[in-house]
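The following exercises concern a single structure and are each followed by a worked solution.

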Amino acid sequence: MSGLIGKKIGMTSLFDENGKNIPCTVIEAGPCVVTQVRTNEVDGYEALQLGFDDKSDKNATKADLGHFKKAGTSVKRKVMEFQGFKEEYKLGDHITVDLFKENEFVDVSATSKGKGFQGVVKRHGFAGSERTHGQQSMLRAPGSVGAASYPARIFKGMKMGGQMGSEKVKVQNLRVLKVVPEKNLIVIKGCVPGHNNTYVTIQK
């Protein structure tokens with residue numbers, strides 16, 4: 001699917017024509033530079049590689065410097081490939097937030113907030129044990145996880161405490177409420193994964 005790379009700015013709210021308050025997320029989408037054009041003849045598939053957010057040359061490798069020099073642009077922090085563009089773009093072209101229209105639906109992907117090591121109550125929604133009847137230290141404990149002498153092991157996939165968050169999440173069918181081309185902003189209904197300044201992928 002065609003799309004753009006962006007950066008999550010934060011959340012706000014808008015009022016619709018009926019006076020209802022709608023929570024929404026503001027994303028700085030593009031402008032993205034076409035840094036490579038994939039073709040069937042050379043790569044076996046068709047796609048556009050887009051770059052977003054400038055990075056200083058001193059923090060880039062020589063391979064990166066040569067790659068972005070071919071496109072005639074500065075080194076970018078975030079690079080991703082997209083397919084399905086209706087228009088034809090050449091190396092070095094800029095794709096802006098005008099790609100999106102109001103009231104259309106998009107999919108947004110990003111890395112969710114990291115929550116560290118969490119127990120089963122927060123991570124999996126366990127209820128925990130009763131708070132009365134003499135319980136001492138098992139309020140938020142997972143309870144029994146083992147079996148009998150056979151198989152004498154814990155099965156893989158058992159819901160236990162562990163690392164939570166900091167994984168790629170895609171939220172589908174979010175409505176575009178507003179597009180602000182002069183500031184490269186797009187306002188999307190609802191919430192988007194990740195903290196502020198997280199790189200996001202917006203796909204049509």
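**Exercise 1.** Leaving aside neighbours within four places in sequence, with which residues is T201 in contact?

*Solution.* The model under study is a predicted one. Begin by placing the residue: T201 belongs to strand β12. Next, consider its accessibility: T201 has a relative accessible area of 9%, which is under the 20% cut-off, so T201 is buried. Finally, list the partners: once neighbours within four places in sequence are set aside, T201 contacts L4, M80, F82, D107, V108 and S109.

**Exercise 2.** Classify the aromatic pairs by their ring geometry.

*Solution.* A pair of aromatic rings is described by the distance of the centres and the angle of the planes. Rings pair if their centres lie within 6.5 Å, and planes over 60 degrees apart count as edge-to-face. By this rule there are two aromatic pairs.

- Step 1. For F52 and Y199, the ring centres are 6.2 Å apart and the planes stand at 90°, so this pair is edge-to-face.
- Step 2. F52 is in strand β4 (residues 47-54) and Y199 in strand β12 (residues 199-203), so the pair ties together parts 147 residues apart in sequence.
- Step 3. F52, at 4% relative accessibility, counts as buried, whereas Y199, at 24%, counts as partly exposed.
- Step 4. For F85 and Y89, the centres are 5.7 Å apart and the planes at 80°, so this pair is edge-to-face as well. Both F85 and Y89 are buried.

**Exercise 3.** In what order do the four strands of the open sheet lie, and which stand at the edges?

*Solution.* The order is β5-β4-β3-β6, with antiparallel pairing. Strands β5 (76-82) and β6 (94-95) are at the edges with a single partner strand each, so one side of each has no neighbour in the sheet. Within the sheet, β3 (residues 32-38) is joined to β4 by five bridges, and V37 stands opposite L48 in β4. Helix α2 (residues 62-70) lies across β3, β4 and β5, and runs at about 95° to β3.

**Exercise 4.** Which residues have the most contacts inside the largest nonpolar core?

*Solution.* This core has 27 residues, and L50, I95, I186 and I202 have the most contacts inside it. Strands that each supply at least two of its residues include β3, β4 and β12. Not counting residues up to four places away in sequence, I202 touches residues including L4, F82, D107, V108 and I186. Another core, of five residues, lies apart from the largest one; among its members are I22, C24, V26 and V187.

Terms used: Residues are numbered from 1 along each chain as its sequence is written. This is a predicted model: local features need pLDDT of at least 70, side-chain atom pairs count only at pLDDT 80 or more; totals for chains, interfaces and linings use all residues. Side-chain values use heavy atoms; hydrogens and water are left out. Rings of Phe, Tyr and Trp (its six-membered ring) pair if their centres lie within 6.5 Å; planes under 30 degrees apart count as stacked, over 60 as edge-to-face and the rest as tilted. Buried means under 20% relative accessible area, exposed over 50%, partly exposed in between (1.4 Å probe, protein chains only). Two strands pair if DSSP finds at least two bridges between them. Contact means heavy atoms within 4.5 Å. Axes are lines fitted to C-alpha atoms, for helices over the stretch in contact, and angles run from 0 to 180 degrees between N-to-C directions. A nonpolar core is a set of buried Ala, Val, Leu, Ile, Met, Phe, Trp, Tyr and Cys residues joined through side-chain atoms within 4.5 Å.
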